Amino acid sequence: MAKIKAQDLRSKKKELLKQLDDLKVELSQLCVTKVTGGMASKLSKIRVVCKSIARVLTVINQTQKKFYRKFYKGKNYKPLDLWPKKTQAMRRQLSKHEENLKTKKQQRKEQLYPLRKYAVKA
C-alpha cells in the first residue's frame, strides 16, 4: 500500500476504521514475511505501513476530540484533556475574584480598626 496523506484521510470519515483494520492485517503479514526471510522490498514496506497506521489513528483521535470540544462548549464541566494546557503555575493561580475575597474575620477587623490617618508636619 502506498503512503497515505492525513489530508486525504480527513475527507473520508466512515472508512477510517476499515482502513485501519486493513493496514493492521497488512502489517501482520509483513512481519510474518520478515520472520520467514522475505525480500528487502517487503521489509522496507513495514516502516511505511506503521506510519500509515499512526496517521489514521491521529486523524481518528483529532476528529473525536473536535467532536467532544463542540459537545462540551459552553458547559460548566469538561474532561481534563479539553482544558487549556497553559503551565502548572498558571492553572493553580487564583482568579482575580478569588484573590479579592476576604474572610468574615478579616472584614470585621478592617471595620473595627480602620487605617489611621495622621497629619505629618513638614
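Throughout these legends, a residue is called buried under 20% relative accessible area, exposed over 50% and partly exposed in between, with a 1.4 Å probe and protein chains only. The model is predicted, so that local features need pLDDT of at least 70 and side-chain atom pairs count only at pLDDT 80 or more, while totals for chains, interfaces and linings use all residues. Residues are numbered from 1 along each chain as its sequence is written, and side-chain values use heavy atoms, with hydrogens and water left out.

**View 1. Lys102 and Glu110 joined by a salt bridge.** A salt bridge here is a side-chain nitrogen of Lys or Arg within 4 Å of a carboxyl oxygen of Asp or Glu, and the structure holds four of them. In this pair the N to O distance is 3.1 Å; Glu110 is partly exposed at 40% relative accessible area, and Lys102 is also partly exposed, at 42%.

**View 2. Asp22 and Lys18 in helix α2.** Helices are DSSP runs (H or I, at least four residues), numbered from the N terminus, and helix α2 covers residues 16-36. The two residues lie four apart, about one turn of the helix, and their salt bridge has its closest N and O atoms 3.6 Å apart. Asp22 is partly exposed, with a relative accessible area of 39%, whereas Lys18, at 57%, counts as exposed.

**View 3. Glu99 and Lys96 in helix α5.** Within this helix (residues 96-100) the pair is three residues apart, about one turn, and the side chains meet in a salt bridge of 3.9 Å, N to O. Lys96 is exposed at 64%, while Glu99 is partly exposed at 43%.
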